[in-house]
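Dear colleague,

Please read them alongside the coordinates.

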Amino acid sequence: MRRLTHAEFLAMRRFDALDGLRAIAAVIVVFFHYGGPQSRFLSGWIGVHTFFVLSGFLITTLMLREKDRTGRISLRNFYLRRIFRIVPLYYIGLLITMIAVYRSGYGWNVLMDHLPHYLGFMNEYHLAGDTPYLHTWTIGIEQKFYLVWPLALILVSLVSHRLRIPLAVAAIVLTLVPYNEIWKGMGLHYSVLLIGALLAVVLHSRRGFAVMSPLTHPAVGLPVGAGFLVLHWNLPRLTAHFGGEPPAIFLYGIGVALLLPTLLGPGPGRWILSQRPLVFVGERSYGLYLLQASAVPVTAALAPWIPGQTPQFAAAACAVALFAADALHRRVETPMIEVGRRLIAWLDRRSTGDRPAAPARQPGTGSPTEPALAGRPR
């Protein structure tokens, strides 16, 4: 048993264990929404912040590796990748929600009132508890992060790559400043995204990786994983201790960031979370997350004997949403991602006047134009 080396980390093209972690995060979110009081011990409300750390880590890692590979980070290509990964499935999820709400006759007026916000990814500014498609407030947060962070990273990298870590730290601090009442509630979520970005910058640096590399040793990964589970199960106590969720959420984001390196190196955590069923769910977690609310009336119609707001109902709704997410993954999500890749390749050829042969695609390496690190950051 040994720790992961920096060269091995840079050569990795898939982080399957992170798909497994995303699967667990998505499932506990569904149980938080529809599992009732019996599911509260899962602390599923925190699952979205696991998504945030993963997203910050993955998109920053992709950009840094692009910089090493091509000598620059293309904002055009970055935004195109995000558009083709996020937008088609998001709007299909919105359409399905509209149909479900219309057929059920509940919440239609509220949905119509908030439809302009959903169409413009301004979801996070309207968090009324009875608003359909409410859970997509996280997508609004991530979209704005994707607009600003790559530009900041590019500008700093033009000066010196040594400024990347100070940039991430400063950004975390600045997002935590309560500039006004709206930002006081929103800045924390951006700070958690930036914790993931900071981890990516640290691990990409040879010196930073040397500091973090002990976490990739199996002997260290086991107690770190156990400590993370203790942190997760004690979130209610932490929230009560701090008198609110924000400090607990921030500490949890740090906990997820410390957990991730243990899932990159060999060890039990990586092995468990890389099992095919978990990876399968993780690869479809975006669709599962979007369709969870739409699955509720379908579940109630298919299984009327299961009482609502119970773990059994949440499990059934999760299965229904996953079934639909799998169909959309195969027929919409994956094809649209491929369309985006082809468009980027075509634009790159036009901009360079070069028409190189497409490199052979190796099993498990993703596409020739982008390493498939894990389950597509949203």
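Leaving aside residues up to four places away in sequence, serine 39 touches Phe31 and Pro311, where contact means heavy atoms within 4.5 Å. Serine 39 itself sits in the loop between α2 and α3, and with a relative accessibility of 4% it counts as buried; buried means under 20% relative accessible area, exposed over 50% and partly exposed in between, with a 1.4 Å probe and protein chains only. Helices here are DSSP runs of H or I with at least four residues, and strands are runs of E with at least two, both numbered from the N terminus.

Before going further, please note that this is a predicted model, in which local features need pLDDT of at least 70 and side-chain atom pairs count only at pLDDT 80 or more, whereas totals for chains, interfaces and linings use all residues. Residues are numbered from 1 along each chain as its sequence is written, and side-chain values use heavy atoms, with hydrogens and water left out.

The crossing of α2 past α3 is left-handed, a term used if the near helix is turned anticlockwise from the far one by less than a right angle, with right-handed used if clockwise. On the α2 side the contact includes Leu18, Leu21 and Ile28, and on the α3 side it includes Phe51, Leu54 and Phe57. Sorted by class, the contact of α2 with α3 has 11 nonpolar, two polar and one charged residues; Ala, Val, Leu, Ile, Met, Phe, Trp, Tyr, Cys and Pro count as nonpolar, Asp, Glu, Lys and Arg as charged, and the others, Gly among them, as polar.

Helix α3 also holds arginine 65, which is buried at a relative accessible area of 6%. The side chain of arginine 65 reaches the backbone oxygen of methionine 12 at 2.5 Å.

Two further helix pairs may interest you. Helix α4 (residues 75-104) packs with helix α15 (residues 285-302) at an angle of about 5°, their axes being 9 Å apart, which makes α4 roughly parallel to α15. Their contact residues divide into nine nonpolar, four polar and one charged. By contrast, the axes of α6 (residues 137-159) and α8 (residues 181-204) come within 10 Å and cross at roughly 60°, so that these helices are oblique to each other, in a right-handed crossing. Among the residues that meet there are Trp137, Phe145 and Trp149 in α6 and Met186, Tyr190 and Leu193 in α8.

Finally, glutamate 283 of helix α14 (residues 276-283) is buried, with a relative accessible area of 13%. Glutamate 283 lies 260 residues from alanine 23 in sequence, yet their C-alpha atoms are 7.8 Å apart in space.

Key: Polar contact = N/O pair within 3.5 Å; in protein donor to acceptor, adjacent residues only side chain to side chain. Axes fitted to C-alpha atoms, helices over the stretch in contact; angles between N-to-C directions. Parallel < 35°, antiparallel > 145°, perpendicular 65-115°, else oblique.
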